[in-house]
Amino acid sequence: MNKKSSRRDKWLGDGCHGFGLQHYRLFAAARREFSKPRMADYYEAISPTSPTSPSSSGIFDDSLPKIFALVIGINSYSSPEFGDLTAAVGDADRFEDFLRDKLDVSESNIMNLRDEQATRAAIIEAFIALRDDPRIVKDNAAIIIYFAGHGACVSKPKEWADWVTASGEIEVMCPSDMDAQASSEEEPVLGIPDRTISVLLNHISELKGNNITLILDCCSSGGLNRQGAAFGPTSEGYVPRQVFNAPSIPSNCDEKIPSKDSARGISVAVGFSGKHHASHVLLAACGREQVAYEDPRTNSGIFTTSLLRTLSALKVDDLTYTALMHRMAMPKWQTPHCEGQYVNRRLFNKRALGADGSFILGQLEKNEDGSIRYVLHAGAAQGITEGTTFSVHASNLISDAKHSNPSIGTFITTDIGAFKSYICFPPNAPAFSVPRLFYCKLTQRGTEIIKLYCEDRQWLESVFTVEVCQVLSVLLVDTPAASSLHLTLVEGEVHFSRNDPMSTPWIGFKIPHTVDQNNVELLREVVRRAMHFNHQLTRTAPDDFKNVWMELRELESKYSVDYDSTLTPIGPNLIENEPAGVVVDENARLGMTIHNRTDLPLYPYLFYFDPSDLLIIEWYTPPFGAGQGRLTTDVDAPLPPRGSLAIGYGDGGVSPWQFLLRDGEDIDVGFFKLFLTTSPADFSSVTQESPFEENISRLGRPKAAQLPEAERWGAMLSTVVQVRYRTQLPLPDVISGQRKVAPQE
């Protein structure tokens, strides 16, 4: 491998359904010299579905770390304006019992606030106590915060321009003394807005690490004020954990919260309602458009009961957040949500290898006649084709020396839908016992092939034997012009050249990496990932969603004493043209805004494709649900009709984008690809790491929810050509599509 050229030139600073696709090519030019991120930091930053990498020695401690917890439960509210609950305190008590009995958490490591103890001041002080606790060693402990009680939604102060939300509303946690007044002269006690929660979580994360789980069994929904008491479950005796008339939030709310110096320096952190937090993983009782319920007959919350039942029945050490959501049983009228950058970690454990993002969920499904069929939760939108072969596994965990996740059999796809496929046993293959839930890993594509050429045909055939070619869908060809990938042997190293009309006009034919010619497994892996990269980049979609578009702008940072640093988009849309040209400033941070001028709520999935490294990075994906509503519009659609979604700033909850160029490199190209769908889907199998990096492992509204009448999906692509100096490569020539890099032989 050529280690000199190894790098991550695109990275994220800190922390889509109907089916559409958008692509943007980007061109970047010069910034001041700037220290490159370390590989571990890079993967920690950009891989929303990645668990922590093991140590390079392969020997690491993956045991559950010491846990510290804050457990809050509120039944009784001081103000007569808000109805009391009956089960929130009991839920908090049961969750504390789970921590002590199942996870062996010491009593001294648990802070408890119940009813009148859980005032606004006490809750904020408890967050700060976690931040300042000297016993919590950064990255060597887990923090769990649990809240059961009322939630609410109020209008966002107009002065909070930096806190961009899709609906113009903010979500509020309701303390026990909310709206209480000591005297008529005093202002009422406010709820705790998501913006405040986000700042507190960011401060904890900076000082104690991002192994933080926030669990909320409350409403925080804009739908709170629109579902009457006669609606759905309330008519059956269930009680909503909702407040209709929470006090409005002033613009100076919580400006005096104590703040330690921020190491992050990026933006106001995302709130507990935002998307994919880098500071924590969120488990929420419901989405913004739903209500969290409790059952007075059993004195328990619907969400907490299901959560604890699932956790008690399974081995927590081997359970990831994604797998937990797959296994939770919930009614169709309440859909829990999970979101965060590290949802593929094992529960409460940053140190252990987690889920392999390439695994796709499968499950048994009963036909009307009682017969069984097997469903794969990926379809045409994720690039699945008929005849694709998968290995079947019992879990989605990455195998290591301590944990084995072997294949238990093989399935092949038959019928391909937009978001799911039907799979069956291959002809003449042995049947096997199939669990109710299982995971599939693609082993052989059904229709795609990759063509290889090397002048040393004998060596090529020794690496890519007939059997290997069949498994990897490889075709050996006789001329360089006929190949997708041209392999050249030079002094024991294999060099790679591509025939790719999307990349070669800008960066030439050569891939800037080499592999030892005797490293057969890595050579095969490079070919497999090159095929996956090309397939995911070039495949088209049935819907282009003409009234949806992306804008990439530079973010202006302004310091605020109360919220560290805020980011606001400024300047022109950098990807207005196709291809787009960007002069790289290594100090600049960029944010994406997706605009939706359709009448459809949409789910956006945004990826960046780096052809130099064969790397596919996930920048943004929506939250995902659990239970009967997880494949319906009960899962929050981040891109509302006639609305917009902020990515890299505001409450979008993901980090800004930056472009970097290799030392000695003056031009590069990459592609933003946006998938859009009209119902929830899982696109995690699209991502991939570069095969050229060593020692990196995947951490692995009142309207009823519905399946859309037509499952639509589409995609958009933006080509981004990146240059070092504006004068070196005239951007108008680049944007006009003229070739700027001579072909490399």
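In which sense do strand 21 and strand 23 pair, and over how many bridges? In this predicted model, where local features need pLDDT of at least 70, side-chain atom pairs count only at pLDDT 80 or more, and totals for chains, interfaces and linings use all residues, strand 21 and strand 23 (residues 485-490) pair in the parallel sense over two bridges. Residues are numbered from 1 along each chain as its sequence is written, and side-chain values use heavy atoms, with hydrogens and water left out.

Strands (E, at least two residues) and helices (H or I, at least four residues) are DSSP runs, numbered from the N terminus; two strands count as paired if DSSP finds at least two bridges between them.

Strand 21 (residues 450-453) is joined to strand 22 by three bridges, and the two run parallel; here Ile450 stands opposite Val474. Towards strand 23, Leu452 of strand 21 faces Leu485. Leu485 also has a bridge partner in strand 24, namely Arg498. Strand 23 and strand 24 (residues 493-498) run antiparallel and are joined by six bridges. Their hairpin has two residues between the strands, and in it Glu491 takes a positive phi near 50 degrees.
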